[in-house]
Amino acid sequence: MSSAVVRLKQTAYLTSGATRYLTTAQQTLPPQDADHARPDPHRGFGQYVQLARELTALAPMTIVASATHIAARLHNRARNTSTVTGIDAAQHHALLEVARGHITVTEQHGHRVQSHTTTVAVDVLRHLETQHLVTRQPASTPPLYPGGAPRDRARLTALGISTLSAVIDAPLHISLPATRPVPTPAAANAARAHR
């Protein structure tokens, strides 16, 4: 528990450092009428933005992991209530991945295509959007390839945050097929002796 709290404090410290870099980047922002060339990541505006990204790159995963650990350890906690019920394993997983910042979406040939390193079905993401648990932040992620269309980052809505916080510490119960109990060593030895 103390380690999770320390990680959250470290994340808060790094986030404040990233905020300072972004404030400096805003002061060096190119004029409105300047050509919108891709910022150089090694100097000026681009450098400050890149440094801010590096400081907060692992923040979403750290926050979700720490929150999950803390929630599992708090015994007398007030549970959040959500108007959405029946979150299944796939939706639970998708909400966690959105919270970690792993889900991006592009529009190709009129179809929605996800581009990320984790396995989340497109129809699950659509269902979460219709439930108002997830929304998209348009053109907030760089394209997959130079000259490509920018991608939309999936974000949790206020209802999505409430829903995830209500189920984040509740592991989904998976029914396993019944198995025979494993005999104790003494019973196993006695069975061998009777043979």
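Biologist: What kinds of residues line the largest pocket?
Modeller: The lining divides into eleven nonpolar, seven polar and four charged residues. Asp, Glu, Lys and Arg count as charged; Ala, Val, Leu, Ile, Met, Phe, Trp, Tyr, Cys and Pro as nonpolar; the others, Gly among them, as polar. This is a predicted model, where local features need pLDDT of at least 70 and side-chain atom pairs pLDDT 80 or more, while totals for chains, interfaces and linings use all residues. Numbering starts from 1 along each chain as its sequence is written, and side-chain values use heavy atoms, leaving out hydrogens and water.

Biologist: How much space lies in that largest pocket?
Modeller: About 750 Å³. A pocket is an open set of points on a 1 Å grid over the protein atoms alone, where a 1.4 Å probe fits, with protein on both sides within 12 Å along at least five of seven lines; lining residues have an atom within 4 Å of a point. The volume is the space filled by probe spheres on points joined across faces, edges and corners.

Biologist: Which residues are closest to its centre?
Modeller: Arg53, Thr56, Ala57, Arg153 and Arg155, out of 22 lining residues.

Biologist: And which element gives the most to the lining?
Modeller: Helix α2, with four residues. At least two each come from α1 (2-27), α2 (44-56), α3 (59-73), α4, β3 (134-141) and β4 (151-156). Helices (H or I, at least four residues) and strands (E, at least two) are DSSP runs, numbered from the N terminus.

Biologist: New topic. How many aromatic pairs are there?
Modeller: The count comes to one. Tyr21 and Tyr48 are stacked, 6.4 Å centre to centre, with 25 degrees between the planes. Tyr21 is in helix α1 and Tyr48 in helix α2, so the pair ties together parts 27 residues apart in sequence. Rings of Phe, Tyr and Trp (its six-membered ring) pair with centres within 6.5 Å; planes under 30 degrees apart are stacked, over 60 edge-to-face, the rest tilted.

Biologist: Where is Ala139?
Modeller: Ala139 is in strand β3. Ala139 and Asp152 are 13 residues apart in sequence, yet 4.9 Å apart in space, C-alpha to C-alpha.

Biologist: What does Ala139 touch?
Modeller: Pro150, Arg151 and Asp152, not counting residues up to four places away in sequence. Contact means heavy atoms within 4.5 Å.
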